[in-house]
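Me: I have this model open and want to talk it through. Please take it one question at a time.

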Amino acid sequence: GRLGKSAAQAWISMLSWMEIAPRGYYYHTTELLTSANHSRGALFMALASLPEPGAWYGLTDLTEALWARIGYSCNLGVALGQTVSYSRGTPAEQAAEQARHLENYRKKWLDETARWVRAAIQGPLFYLGLIEWGEAEAGGSLVFRLTPMGARAADLSTLNPDDGAAVGGEAGGAAQAASAGPCWIVQPNLHVVAYIHQASTGQMAFLVRVAERQTAEGPVATFKLTRESVYRALESGLERDAILDQLAASAMQPMADSVRRTVEDWARRRERLTYHPSVSLAEYPTRSDRDAALTAGLAGRPLGERLVILDALPSARALADWRVVDYRKGPIKCLSATDEGLLRLHPGADDLLIRSELERWAEPDHDVNAGEAAVGTCWRLTAPSIRRAARQAGNVQKVIAAIKVRLLEPMPPWLEQTLLNWGDPATSSAGVGTALLVTLRSDAAAEALAKSRPLKPLIAGRIGPRTFAVKAGCEADLRAALQYAGFKVDGKIP
């Protein structure tokens, strides 16, 4: 481990080398070389934060993760200019221009960062024995993973970038935290306010490992300790006492006893968990049905209210009357969706995961036309629920993709456009004028409106690629429907 740490430290600290020159630079300035040094530290911290060091990862996934965490505030080995567009016009036009400018900035950032990270992975990190790489069969995209030496070197709790020394062992990790100095405040509500300019690379890698990032503005980043983040840290090899000691050692104020008790409780709960890499479960309608099956001789152990962990999978004859779900084959299609965002769960076609997924995407609802039989089977996608799900998933496109794989039929185009608008208000806008015309500013939005069954009674006809005539007396209803779908409605016809 010491050899790998020394090699990583030497690579991070080089001041006369660049993996690849940014476009537009023809000689290496001191400022550029120093920026490359900081970029190497950020990249190595990202590698140290991989959930499974021995697993294969894609270059695209890595750069997307880097963008999500530092894209607006930091460039890795590249120079891209301003993230702000200084355009003129109305507030709505300025906001639209800013959104276009940021999207162009994001694409350029991802392209240039991928170019630099590829050079680092295929160059020094590979030849130092810290990374091995290859190309995926489909599309030839770059994939990589840490070597055993790279995985040991990536334990940044024992790497001190400030003094160039690699310190080994648990004592070394504590010494590193102490030498780096206090750099965060652990609040009683489990939020951690980190002052990035005072933190070492090892401290930030530790914090990313044990907490969820909430916000990052300038030199201050906010994290939160959650049960899931602490579980992941424990699964990755950190001990409970090491987590608490590191949090306290780098705290600028004494850590509240309630924080320590909460983390200790989460750790005790995890110790009572049993991990099953593969398991067969039987689900019954009620607890009494489950208990009756066990009493009748079903070989297994009760789990929760209605489940049984089977000791062995019953024979094909015994399974003839059972509905069998193989989760290795991917999600079960068991939902239907309307243009208005009503999701209907089809009984008998669901699985054990669908209800928790629905709780992430939607709000419980009911179908007034289905009666009492539909209670508990209907959910509604709303703007707040989609924005919440998009924050958890990273972007609204991932939420839409997760919903689509659960649908029995293709998602209605109008619903998809509505979800895009809710998740990213800058994607579309529409203008409704006094001439009873509605014009949308994208072909996709216009096609979605043309195919929407609920809105068809409000439309007199289509008079252009993106323009529709509104039936007399229906302007208010159409305006309300567009606003509900996330469009910014104004009186201008572009």
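**Helix packing, piece by piece**

Me: At what angle do helix H3 and H4 pack?
Reply: Helix H3 (residues 59–70) and H4 have their axes 10 Å apart. Helices here are DSSP runs (H or I, at least four residues), numbered from the N terminus, and axes are lines fitted to C-alpha atoms over the stretch in contact, with angles from 0 to 180 degrees between N-to-C directions. For this pair, the angle is about 125°.

Me: Before we go on, what kind of model is this?
Reply: Residues are numbered from 1 along each chain as its sequence is written, and side-chain values use heavy atoms, leaving out hydrogens and water. Local features need pLDDT of at least 70, side-chain atom pairs count only at pLDDT 80 or more, and totals for chains, interfaces and linings use all residues, since this is a predicted model.

Me: What do you call the arrangement of H3 and H4?
Reply: Angles under 35 degrees count as roughly parallel, over 145 as roughly antiparallel, 65 to 115 as roughly perpendicular and the rest as oblique. With an angle of about 125°, H3 and H4 are therefore oblique.

Me: Which residues of H3 meet H4?
Reply: Contact means heavy atoms within 4.5 Å. On the H4 side you'll find Tyr105, Arg106, Trp109, Leu110, Thr113, Ala114, Val117 and Arg118. Facing them in H3 are Leu59, Leu62, Thr63, Glu64, Leu66, Trp67 and Ile70.

Me: How far apart are the end C-alpha atoms of helix H4?
Reply: The expected span is 1.5 Å times one less than the number of residues. Helix H4 (residues 91–127) has 37 residues, so it should span 54 Å. The C-alpha atoms at its ends agree with that, at 52 Å.

Me: Where in H4 does the kink lie?
Reply: The bend at a residue is the angle between axes fitted to the seven residues ending there and the seven starting there. In H4 the kink is about 35°, shortly before the proline Pro124. That puts it at Ile121.

Me: How do H9 and H10 run, roughly parallel or roughly antiparallel?
Reply: Helix H9 (residues 240–249) and helix H10 (residues 257–271) cross at roughly 160°, their axes coming within 10 Å. That makes H9, relative to H10, roughly antiparallel.

Me: Which residues of H16 make the contact with H15?
Reply: Helix H15 (residues 413–423) and helix H16 (residues 443–450) pack at about 135°, with axes 7 Å apart. H15 brings Pro413, Trp414 and Gln417. H16 brings Ala444, Ala445, Ala448 and Leu449.

How values were computed:
Helices (H or I, at least four residues) and strands (E, at least two) are DSSP runs, numbered from the N terminus.
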